[in-house]
Structure formats: structure tokens, C-alpha cells
Amino acid sequence: MRRSFRLAIPTFLSALLVASMLAGGGAATAAGTGMAPYDPTHAGGTVTLVAAAAAGSLDPKINYTAEYWELYQASYDGLLGFKYGDGKSSFEIVPDLATALPVMSNGGKTLTFTLRSGIKFSNGAPLTVADVKASFERIFKVSSPTAGSFYNGIVGADACLKVPATCKLDKGVVVDPKKSSIVINLVAPDETITSKLAVPHAVINPASAPVKDAGTTPIPTTGPYMFKSYDPNKLLVMVRNPYFKEWSHDAQPQGYPAEIDYKFGVTPTAQVTAVENNQANWVYDPIPADRLNEIGTKYASQVHVNSLTAMWYLPMNTNLAPFNNVKARQAVNYAIDRAAMVKIFGGSQLAAPVCSFLPPSFPGHVDYCGYTKGATPDKPAKAWAAPDLALAKSLVKQSGTAGQAVGIVVSDDDVNKQMGVYLQSVLNSIGYKATVKPISGNIQFTYIQNTKNKVQISVSQWYQDYPAASDFLNVLLGCASFTPNSDSSINMAGYCNKPFDAQMQKAMGFGITNPAAGNTLWGQLDQQVMKDAPVAVAFTPKQLDFVSSGTKNYHFSLQYKMFISQLQTK
Amino acid sequence: MIAFIGRRFSAMIFVLVSISILVFLIFFATPGVDPAARIAGRNADQQTLMQVRHSFELDKPLPVRYLSMMRHLFISRDLTSYVNRGAKVIPQLSQAIPATLSLVIGAAIIWLLFGITFGVLAASSKRKWLDPTISFLGIVGVSLPVFWLGEVVNLVTQSKLHTSVFRWVPPLGYVGLSVNPWQWFLHLIFPWLTLAVLYAGIYVRVLRSEILVVMSEDYIKTERAKGASEKRILYKHATRMSLITIVSLFGLDFGALVGGYALLTEVVFGIQGVGKLTFDSLQNFDLPVIMATVMYASFFVVFMNAVVDVLYAVLDPRVRRA
Amino acid sequence: MALKENSEAIFSESPGKIALRTLRKDKRALFSLAILGFIVAISLLAPIYSHFIAHTDPFNSTLDATTTIGGKVVPVLEPSTTGLGLGVTPIGPTWNLRGYFLGADGQGRDVLARLLYGGRNTLFIGLSAGIICIVLALLIGVVAGYRKGWIDAVLSRLLDVIWAFPVYLLAISLSVVLLTSGLTIGFIHIGPGSFALPIFIIGIVYIPYVARPIRAQVLALREREFVRAAVGIGAKDSTIIFREILPNIVPSILVFIPIIVALCMLTESALSFLSIGVQPPQASWGTIINDGLALLYTRPLVGIAPGLLIVLTAASLNLYGDAVRDALDPKTRARGDA
């Protein structure tokens with residue numbers, strides 16, 4: 001998986017944002033409102049998607065990749081879902097298999113749902129509340145990646161995490177078949193719980209689904225499409241679910257294609273060629289650098305570019321020389337030419353230089369840059385303009401780390417390797433002896449997390465889970481995310497600053513009661529932590545989708561990217 | 001003779017076992033390959049990580065893990081991938097074999113055709129310019145990096161000239177023979193040619209020099225003295241004798257290629273054969289698949305080696321005592 | 001021993017001298033040596049070119065560099081200005097030796113300068129790996145063939161293991177180890193990014209290719225009268241090996257050297273294609289091909305030029321190998337009779 005797989009999980013916060021935008025009525029970028037009504041004249045045909053590699057297990061409780069979450073949107077449903085709509089509206093949470101948004105009681109600790117009636121799984125079995133309870137227990141039984149981070153707040157989850165095999169959520173998920181009601185009990189109020197219930201790990205599977213990772217065996221779906229066959233080396237086939245009837249146009253509208261084929265094992269450049277020649281409808285992998293100009297000129301009408309709230313950044317190990325010295329880390333921040341890195345990524349249309357931790361248009365984001373020519377972390381400029389090599393050199397000298405060896409660990413795909421080579425050049429020019437260490441993209445992400453591997457600096461990416469500042473600052477720089485000697489230690493800088501951590505807890509507390517105050521605090525925390533420079537942020541990337549000339553009705557979801565079920569080929 | 005064959009084949013088993021152990025040890029000695037965190041998913045909490053490690057037996061000692069993997073691979077035959085969980089390894093391998101066979105057999109026909117024709121021509125032609133020309137082409141053939149040639153072929157047929165001369169060339173990939181024979185042929189024609197270039201070069205060179213060696217043997221001189229025609233000597237004796245070398249060479253090459261040594265060609269042309277499977281599993285650090293493909297490949301290589309050795313022993317009794 | 005002298009006595013000159021004389025007259029040998037000489041010379045002159053002619057540092061990224069073409073200053077990496085303005089394209093060939101003769105790569109570096117420096121590494125790796133391979137193969141082949149018995153059995157199985165072993169797995173695994181921490185075996189320490197890794201792996205891979213025929217040759221030689229005679233008069237093993245066996249396998253070795261070096265070069269490029277081997281910012285022809293593949297559609301020359309150089313060098317080596325073989329082996333020379 002070359003492309004980073006972080007996904008978006010909006011919270012109440014984004015719902016509030018949308019609400020305020022709509023209420024204010026002054027939103028110039030008219031937040032879209034759902035899909036146009038279904039038009040049967042465009043139904044039919046096969047949509048062919050191409051990718052270099054499959055994304056592993058097809059089990060929706062296991063898979064945690066953007067590649068398949070895009071497909072689950074059109075096939076599986078949870079009690080709640082993300083709205084089919086353009087722009088910010090795609091972050092809106094709507095009732096899906098539940099009849100309405102949950103009724104909150106008990107100080108936000110109890111959520112009550114009513115299940116829709118008359119829905120059947122793609123194997124013909126009716127959907128019942130028993131399936132709902134079994135699906136929540138299944139999260140723990142199959143050791144879902146987010147079992148411990150998203151669903152640990154359900155009553156009884158702690159026991160399930162310890163002994164998954166015998167997981168029972170009798171107190172956490174209480175169902176009543178007569179009333180079709182589902183009551184979810186939480187240990188503590190959680191402002192992000194509705195988001196967590198809307199993502200694929202919380203979808204409803206039949207109670208008969210295997211209590212282990214189903215792997216390549218498809219599990220019956222509820223949405224307009226079901227999985228017919230899956231061979232990770234060749235092909236994934238989705239066909240219409242014969243039992244599907246549209247129950248909510250916002251949550252799960254009828255789809256257009258009669259069949260969706262996902263072909264694997266096609267190199268990115270061959271994917272582009274296939275789409276140009278109308279042999280496929282869409283390219284999954286990032287477009288190779290040498291094809292960008294071609295598709296931007298000859299096929300401009302088939303290109304869709306959308307902003308992402310994400311960053312490319314350089315985590316620096318704050319526990320290892322030379323980057324255990326704050327001056328050395330600041331030197332890197334001053335030295336990197338962010339415009340040059342944007343060039344490597346594909347030019348200014350596909351990325352923008354930044355040096356704040358929170359991406360532009362993200363809650364809490366403040367336009368500032370402490371590491372550009374003529375600015376300091378205490379007197380930041382508005383935006384990044386140019387690197388300051390002279391200052392970087394003198395900082396390295398002051399730090400006394402000049403002449404030290406620095407290893408840069410990058411993925412071995414072309415763009416990441418180029419970033420590494422560029423970075424090496426920069427580090428050498430400010431007084432280090434740098435080497436690039438490109439390693440397979442499949443292990444780089446876990447490799448750079450483990451302190452055993454003594455990684456000094458690396459190139460990594462982060463895509464939002466949900467638009468809340470805590471997902472960037474607390475997840476990536478919080479003490480809780482740092483576990484020495486573990487491959488799962490997302491705080492790659494190993495940065496643990498107790499007072500800063502306490503401030504972040506305070507900001508998260510504001511999130512429930514006073515989001516505006518919370519975001520102001522996050523903005524200050526961003527600037528505060530960047531004075532310490534545990535990382536260097538390089539740029540914020542954009543999503544480029546390239547579709548074939550016959551592919552119409554392209555819509556982009558901030559949550560799951562392209563709406564595959566809405567593509568029209570007729 | 002039976003004893004020799006017995007010894008040769010028990011040695012073969014020894015080699016296969018050593019390779020499997022080496023692969024296993026090298027894999028787990030590589031830093032950063034521990035699959036647990038990759039299986040568990042990003043930012044998984046430490047408890048989930050432990051459960052995954054336990055369910056994949058990654059918390060057991062190495063010898064136990066090795067034996068368990070071998071049991072799943074050879075006895076219960078239900079070994080599953082670390083990366084595409086639930087994907088059984090053996091069906092993946094058996095599904096990849098037809099593509100590899102299609103590629104290798106087609107290429108072999110081409111290279112044998114060219115290799116033998118031009119090899120004999122080079123060794124026998126009366127035309128002064130023919131031998132140096134063929135020899136030169138042979139040298140170029142063996143000097144081309146296959147993956148580079150493949151990429152250049154792709155550049156020309158898929159892009160630069162795709163709108164004119166090569167309009168008929170389908171996208172990269174593989175279409176099964178039973179699915180559509182004509183598409184099968186079109187998809188494979190350039191991979192065949194690319195792979196065949198190297199081997200045609202080798203076979204031309206080997207055959208040419210073998211024929212020349214045989215032609216200078218005493219018995220040929222005797223034949224010639226007896227008044228046999230040059231044509232008869234060339235085809236009846238020299239070519240036939242030289243073909244023995246070609247056949248044994250072919251055995252080794254074919255075994256290696258069927259085993260997945262056409263890796264680079266398969267990768268460049270996107271053919272989902274054994275080589276591509278090996279390549280992908282190496283990229284993914286997917287040990288179960290690596291192990292299966294390596295065992296499969298080494299079996300073919302070692303087996304063909306043993307067969308060729310036995311054949312030589314049949315032909316030359318001195319070897320048997322060695 | 002007398003018997004061996006006897007065989008030489010047929011000729012008035014030693015076979016070595018005859019071979020050398022034949023080789024000197026062989027047009028193929030002269031031609032290929034000329035090409036090889038040229039390639040080695042320009043590779044060695046790489047610093048001269050980059051410092052004094054092109055004034056460029058081929059190991060330093062210059063993403064914002066500019067150059068002058070026809071009096072106009074243009075950026076070396078030019079962002080697209082047409083259509084949606086997607087992508088950044090390095091400058092193409094200027095065909096001007098003063099800079100970017102063959103264009104720039106994705107880091108704005110002069111491709112020609114990198115090709116020249118890369119040639120040094122490719123040739124060095126090919127030659128070193130070839131020598132390691134032949135020395136080890138000679139050792140294994142001679143010991144196995146001469147000692148016979150269980151030593152032969154063990155060594156032969158070792159060759160089988162090497163032959164059937166998945167090279168790429170070894171290469172990928174070792175490169176992760178090496179890249180990250182370096183490798184220490186006894187007193188030898190291989191630092192990160194060292195050339196020792198590609199040299200070592202490539203050298204090992206082709207050992208069976210050379211060792212097997214040598215072993216067979218030694219086995220056959222051991223049965224020959226002059227060796228038996230030497231054993232009979234109680235000569236020491238080392239004497240027999242150095243005085244009777246080795247001189248007789250020298251011709252095979254001489255034939256193998258150019259072929260193996262060519263093979264090693266080709267393998268180096270294949271390993272670089274898989275991102276194993278020479279590490280950035282260092283270059284070899286293989287890594288430049290790999291860089292060039294990312295530019296194949298916009299600047300195909302970056303990938304094609306090093307490939308052509310590899311073909312040219314490997315073909316010259318093979319051609320030279322042919323000439324050496326023909327000179328050493330009178331049988332194949334007998335072609336004139338056919």
C-alpha cells in the first residue's frame with residue numbers, strides 16, 4: 001500500500017461546522033446537498049477499476065484501507081452512515097439501517113436506535129436486531145484494528161479485548177426484537193461515537209458470519225452491491241444485491257453500474273494507459289509523475305482534483321542524536337525547500353507548502369509559518385515563502401551536531417525515494433553526513449515506528465481520521481501514542497511533553513462543551529509544539545482522480561473519496 | 001544405477017529442506033518484517049497486536065513456527081497468506097501456473113526455432129557474412145537486460161506508437177487461453193518475444209560452437225574421408241550430436257523458467273504468473289507465499305538438475321562413481 | 001609430468017603464445033577492446049567532465065536550478081503550464097556538452113555526468129563480482145573435483161542450494177539489514193550503502209555456473225595419465241593442483257571471465273531495478289535506468305541511454321570472450337574446414 005490509508009471520520013464537530021455554514025447561508029462554496037434523484041436511464045454497464053495490488057482481507061471488520069472502504073460505502077451499512085453528497089455534506093452523519101439518529105440519554109452514555117424493518121441481506125435472510133448485537137461482538141472476536149481505539153468505550157468492551165473468543169456485550173448492546181430497538185451503553189460520554197458507529201468496522205453483518213477474519217470469503221451485504229468473487233491476485237467482482245430496495249437516498253442510494261470489477265496487478269502507468277484507451281474507468285494508484293502533464297493536457301476533462309486534509313511530514317526522533325537537540329530539528333525546518341518537495345510530488349496544482357501541523361481548512365488551523373526566511377517560531381510569518389539555509393547552517397553549528405551521520409528512512413516507491421534523495425542533499429548542505437535508506441513501502445510505515453530500529457528521520461504521511469485537531473496533534477504527538485519497542489507506536493518522533501499533553505487533554509475537554517474555545521486552544525498548541533519542532537511539515541497533498549471519457553456522474557466524498565456506486569457509464 | 005538415482009534424489013530433498021530453512025531464517029532475521037503490526041492495522045492498540053501475534057503463532061519459538069508452516073504447506077495444504085488474510089497459498093500458486101506455462105512455452109518455441117535455425121546456419125553457411133552477423137546478433141541478444149528491453153517494448157507498443165502501428169496491442173496483463181484464445185495470443189506476443197531474445201541468443205551461440213566442435217572430431221573426418229556429403233555430415237551427425245547439449249540445456253532453462261525465474265518479464269508485462277506472485281510476495285514480505293513459491297521454484301530447478309545429472313550418468317558411466 | 005611436456009612439445013611455441021598471437025590478429029578482439037577501453041576511459045574521466053565542462057555536481061539535488069538555452073534562462077525542472085498544469089518535467093537533452101547534454105533527471109541533475117559516474121560503479125561492481133565469483137568457483141570446483149568423495153558431495157549440494165536459492169529474497173532481506181544497521185561478520189564490517197552487498201550477492205549467484213564445469217574438468221583431468229603418474233610418484237596434493245591441474249583449466253577460466261563480468265553487470269542492473277544494490281545518491285547504470293523508468297513517458301532517454309551502455313559493454317565483453325575462446329581452443333577455429 002503505497003498510498004497512505006488514513007481515513008476520515010467526521011465528528012459532531014464537522015456536523016456543527018456544516019450546520020453553521022448552512023445556517024449562516026453565506027457559504028459561497030454551496031455545500032452540496034445529497035445526490036440527484038435516481039435516474040434509471042443511466043443504469044447498467046460494468047465499471048472497471050484498476051489497482052496495482054489488492055488491499056488484503058475483504059472482511060469489513062478487518063480491512064482498514066481507503067481502497068476497500070470506498071467499496072464498502074456501496075455495499076455494507078451500519079446503523080449510521082455518511083451522507084451521499086458533495087463537499088462538506090459528505091461528512092454529515094445520517095441514519096442508515098436505523099430509522100433515525102440515536103436518542104441520547106443518561107448524560108450521553110446511552111444511545112437508543114430503532115432498526116428499519118423489511119431489509120434483507122444479500123443472501124435473502126432478513127436483518128434482525130440479533131445481527132446487530134452479533135456484529136458488535138464480532139468487532140472484538142475478530143480483533144478488528146480499531147477494537148481497542150474506537151469501540152473500547154462500550155460497556156463490556158474491556159473484557160472482550162482481553163478474551164476476544166468469549167466476547168459478550170449483553171450490557172453494552174441491549175436489543176429487543178419485539179420493539180426492534182437497540183440500546184448502546186457507553187462507559188463515558190464520547191463526542192465522536194456517532195462517527196465511530198458510521199465507519200465500516202461497525203457495519204452490520206449476519207449473525208452467522210464467521211467469528212474469525214473471513215479473509216477472501218465475502219460476507220453478505222445489505223447495500224445495493226454484493227461481492228461475488230475475490231481473488232487478491234487478480235480480480236474482485238461486485239454485482240447487484242437482488243434483495244436491495246432503496247430505503248434512504250441520503251444514506252444508501254441505488255447504484256448505477258450493473259457490475260463493478262476491480263482488477264489487480266496492473267502497474268500505475270498501465271492503469272493510466274488503460275483509462276486513456278477506455279479499457280478501464282478509473283485509476284486507483286497515484287498517477288506516475290511522467291504521465292501527469294499528459295493527462296492534464298490531453299485528458300483534462302477527465303481529471304478531478306480535490307483537496308484533502310492531510311500532510312506529508314518528516315518525523316524526527318527526539319530521543320536520538322542529532323535530533324534530540326531542538327536546534328538541529330529547527331535547522332531541518334528552516335532548511336527544507338517545501339516548494340522543491342511540492343515539485344517532486346507533481347507541482348503546485350497537486351500540493352501546497354505548509355509548515356503548520358494542522359492542515360489548512362482544518363479545525364484549529366491558523367495560517368502561520370515560523371520556519372521561513374525572515375521569520376522565527378516566536379515571530380512567525382503568515383505563510384511559507386523560502387528556505388533559510390544560512391540560518392539552518394548556523395543552528396546546526398550552535399547545536400554542536402555538525403558532522404554527525406543521519407539516516408533518512410523512506411519508502412522505496414519513486415516519489416518517496418525522490419523526497420529522500422532531496423532531503424539527503426539538504427541535510428548534507430547544512431552540515432550532516434546523510435544517507436538515504438529506501439525500504440519496501442510495505443514495511444516502512446511500521447519500521448519507522450519501532451524505536452528498536454533507531455530511525456533518526458523519515459518521510460511519512462498522515463491523513464485525517466476525523467476533522468478534529470486531536471486526531472493530528474494528540475494522535476501523532478501525544479505520550480499515549482508512544483510505545484517503545486513496538487511496531488505500533490504512531491508517535492514516530494517519540495515526543496512526550498507532559499505539560500503539552502495536559503494542555504491537549506484540556507483542549508479535548510473543550511471539544512464537548514465549547515468547540516470554538518477548543519479550536520482556539522488547538523491553534524495555540526500547534527504553534528507552541530512547532531517551536532519544539534518534533535517534526536517538519538512539508539506540504540498538504542490533493543487527491544487526483546482520473547476517469548475514462550465515458551465515465552459520468554463523478555462525485556467526491558470527503559469521507560470515502562469517489563462514490564463508486566454513482567458512476568454512470570451509460 | 002538405481003543407487004545413483006536414489007542418492008541423487010535424496011540429495012535433492014536435502015537441498016529443498018536447506019532452502020526452506022534458509023528462507024525462513026533469513027525472513028525472520030530481517031528487521032521490520034514482523035507481520036503482526038501490519039496485520040493488526042494502523043495504530044492498533046498493544047492488546048490487539050498481541051492477539052494477532054498469538055493467532056498467527058508469531059509468539060512461538062522459531063522451530064515450532066517452521067514446522068507448523070511446513071505442516072500447513074505440505075500436509076494440510078491450507079497455508080494462508082499474512083497479507084491477504086484468508087487467501088490460501090496453494091490455490092494462488094496453482095492459478096498462477098497456467099500464465100507462466102503460457103509465457104514460457106510460447107517463448108521456448110520461439111527461441112528454439114530461432115536458436116536452432118540460426119545456430120545451424122551460422123555454423124554451416126558458405127556465405128562469409130552470415131556467421132559473423134548471426135554471432136553478432138546472438139551476442140546482442142545475451143547482452144540485453146530483459147526488464148529494460150521489456151520497458152522499452154512497452155513504451156513503444158503501449159504509448160509512442162500505440163495510436164498508429166501498434167493499435168492492435170491490448171493493455172498489459174494476461175488473458176486465459178480458455179477465456180479467449182485470440183486475446184491470449186495478442187497479450188502474450190510481446191512478452192514471448194522479449195523473453196525469447198535472451199535465450200535465442202544463448203542457444204545460437206551454444207549450438208554454433210557445439211557443431212563446430214563436433215565437426216572437428218575424428219569420426220566426422222572419417223565420414224568425410226568416406227565421401228559423405230557435407231549436408232549429410234552436418235544434419236546426420238553434427239547437428240544431432242549437438243542437440244544433446246541443447247536438450248540438457250533446455251531442461252535446465254525450462255525448469256527454472258517454469259519455476260518462476262521469468263520474474264522480471266512477468267513483472268514488466270503484468271502477467272500474473274508464478275514470477276509475479278513471487279515478486280509481489282517479496283514486496284509484501286508475505287512469508288507464506290514466499291515460502292510456497294520458493295519451494296515450488298527450487299523443486300523445478302533442483303529436479304531438472306537431477307534429471308540432467310542422471311541422464312549424463314546414463315551416457316557417461318564415469319560420472320556415476322564420482 | 002613428462003607426458004604433459006610431451007603434449008606441449010607438439011608445438012614449437014607454447015599454446016599461450018599462439019593464443020595471444022591469434023587474439024592480437026582477431027578483429028573482434030580489437031574492436032571489442034577498443035569499445036571497452038573507450039567506455040572505461042570516459043567513466044574514469046567523469047570528474048573532469050562534471051567539474052570542468054558541465055560544472056555540475058551529479059550527486060546534489062538541484063530542484064530549483066536554471067540553465068541557459070539559446071540565450072534564454074530556463075528552469076531545469078519545469079512545471080507544466082498547459083492544460084491543468086499538472087506535473088513537473090525535467091529538461092530534455094540540450095545536446096550541448098556544457099550542461100544537460102542528455103537532459104536532467106527528476107532531481108535536476110545532469111544525466112550525462114551521472115551516466116559517467118554510474119559507469120564507474122557498474123564496471124567496478126561487475127568486475128569485482130566477476131572476480132569474486134571466479135575465485136570462489138575455482139576453489140570449490142578444484143577442491144570438489146580433486147578430493148571427490150564426501151567433500152565433493154557436500155560442495156555439490158552447496159552449489160545446488162545456491163543455484164536454486166531465490167536471489168531476490170536474499171538481496172531484499174540483506175539490503176534491509178545493511179541499509180539500516182550495517183552488517184558485521186567477524187572482523188568484516190559492511191557499512192550502510194556499501195557496494196559490498198551487490199558485489200557479494202551477485203558474485204555468489206553465479207558460482208555454480210562456473211564451479212560446475214570446472215569440477216567436471218578437474219574430475220576428468222584427475223583420471224588423465226599425467227596426473228595419475230604424479231600421484232604415483234608421491235607428489236604433494238598442492239604440487240599436483242598447482243602444477244598439473246590449474247594450468248589445464250586456465251583456458252576455461254580465461255573464457256569465463258568476460259562472460260561472467262558481463263552477466264554480473266546485467267544482474268547488477270536487474271537488482272537495481274528492484275531497488276536493491278547501489279544506493280542513492282550514488283548511481284550505477286542500473287539505478288539510472290530505474291530513475292529513468294519514472295520519466296519514461298516524458299524523458300525516455302534517461303532510461304534508454306544507460307540501457308544502451310549496458311548492452312554495448314556487455315556485448316563487447318561477450319565478443320571479447322568469443323575471441324578468447326576461439327584463440328585458446330583450436331577446435332572451434334577449425335571452422336575454416338567445414
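## Close-up views of a predicted model

**View 1. An open sheet in chain A.** Five strands of chain A make up an open sheet with mixed pairing, in the order 8-9-10-1-11. At the edges stand strand 8 (225–231) and strand 11 (282–283) of chain A; each has a single partner strand, so one side of each is left without a neighbour in the sheet. Keep in mind as you look around that this is a predicted model. Strands of a sheet pair through backbone hydrogen bonds, and they can do so in parallel or antiparallel fashion.

**View 2. Strand 1 of chain A beside strand 11 of chain A.** How do strand 1 and strand 11 of chain A run, parallel or antiparallel? They run parallel, and 2 bridges join strand 1 (residues 46–50) to strand 11. To find your place in this pair, look for A:Val50, which stands opposite A:Val283 in strand 11 of chain A.

**View 3. The domains of chain A.** The domain assignment divides chain A into domain 1 (11–54 + 230–299 + 544–566), domain 2 (80–202) and domain 3 (310–543). Notice that domain 1 is written as several stretches of the chain, 11–54, 230–299 and 544–566. Taken over C-alpha atoms, the centres of domain 1 and domain 2 of chain A are separated by 27 Å. Their contact takes 27 residues from domain 1 of chain A and 30 residues from domain 2 of chain A.

**View 4. Where domain 1 of chain A touches domain 2 of chain A.** The size of an interface is often given as the accessible area lost when the parts come together. Between domain 1 and domain 2 of chain A, about 2,600 Å² is buried, and 62% of it is on carbon and sulfur atoms. How many salt bridges does the rule find across this interface of domain 1 and domain 2 of chain A? The rule finds 0 salt bridges there, but it does find 6 residue pairs in polar contact. On the side of domain 1 of chain A that touches domain 2 of chain A, two elements give two or more residues: helix 1 (12–24) and strand 20 (556–557) of chain A. Helix 1 of chain A has the largest share of that side, with 4 residues. Sorted by class, that side of domain 1 of chain A has 12 nonpolar, 14 polar and 1 charged residues.

**View 5. A cis peptide bond in chain A.** Here you can look at the backbone itself. The peptide bond from A:Ala321 to A:Pro322 is cis, with omega near 0 degrees. Where is A:Pro322 found? A:Pro322 lies in the loop between strand 13 (310–315) and helix 8 (326–335) of chain A.

**View 6. A positive phi at A:Ser143.** Although A:Ser143 is not a glycine, this residue has a positive phi of about 50 degrees. You will find A:Ser143 in the loop between helix 3 (129–141) and helix 4 (157–162) of chain A.

**View 7. Chain B against chain A.** The contact draws on 36 residues from chain B and 45 residues from chain A. About 3,400 Å² is buried between chain B and chain A, of which carbon and sulfur atoms give 48%. Which residues of chain B lose the most area to chain A? They are B:Arg42, B:Asn43 and B:Arg85, together 24% of what that side buries. Across this interface of chain B and chain A the rule finds 0 salt bridges and 10 residue pairs in polar contact. Helix 2 (35–40), helix 3 (46–55), helix 5 (89–124) and helix 12 (274–284) of chain B each supply at least two residues of the side that touches chain A. Of these, helix 3 of chain B gives the most, with 5 residues. By class, the side of chain B that touches chain A has 13 nonpolar, 17 polar and 6 charged residues.

**View 8. Chain B against chain C.** This contact takes 54 residues from chain B and 47 residues from chain C. Chain B and chain C bury about 4,500 Å² between them, with 72% of it on carbon and sulfur atoms. The rule finds 2 salt bridges across the interface of chain B and chain C. In a salt bridge that you can look for, the side chains of B:Arg8 and C:Asp160 meet at 3.4 Å, N to O. The interface of chain B and chain C also has 5 residue pairs in polar contact. Helix 1 (residues 2–29) of chain B gives the most to the side of chain B that touches chain C, with 10 residues. By class, that side of chain B has 35 nonpolar, 10 polar and 9 charged residues.

Definitions and conventions. Residues numbered from 1 in each chain as written. Chains lettered and ligands numbered in written order. Predicted model: local features only at pLDDT ≥ 70, side-chain atom pairs only at ≥ 80, totals over all residues. Heavy atoms only, no water. Domains from an automatic or database assignment. Contact = heavy atoms within 4.5 Å. Buried area = accessible area lost by both parts, 1.4 Å probe. Salt bridge = Lys/Arg side-chain N within 4 Å of Asp/Glu carboxyl O. Polar contact = N/O pair within 3.5 Å; in protein donor to acceptor, adjacent residues only side chain to side chain. Nonpolar A, V, L, I, M, F, W, Y, C, P; charged D, E, K, R; others polar. Pairing = 2+ DSSP bridges.
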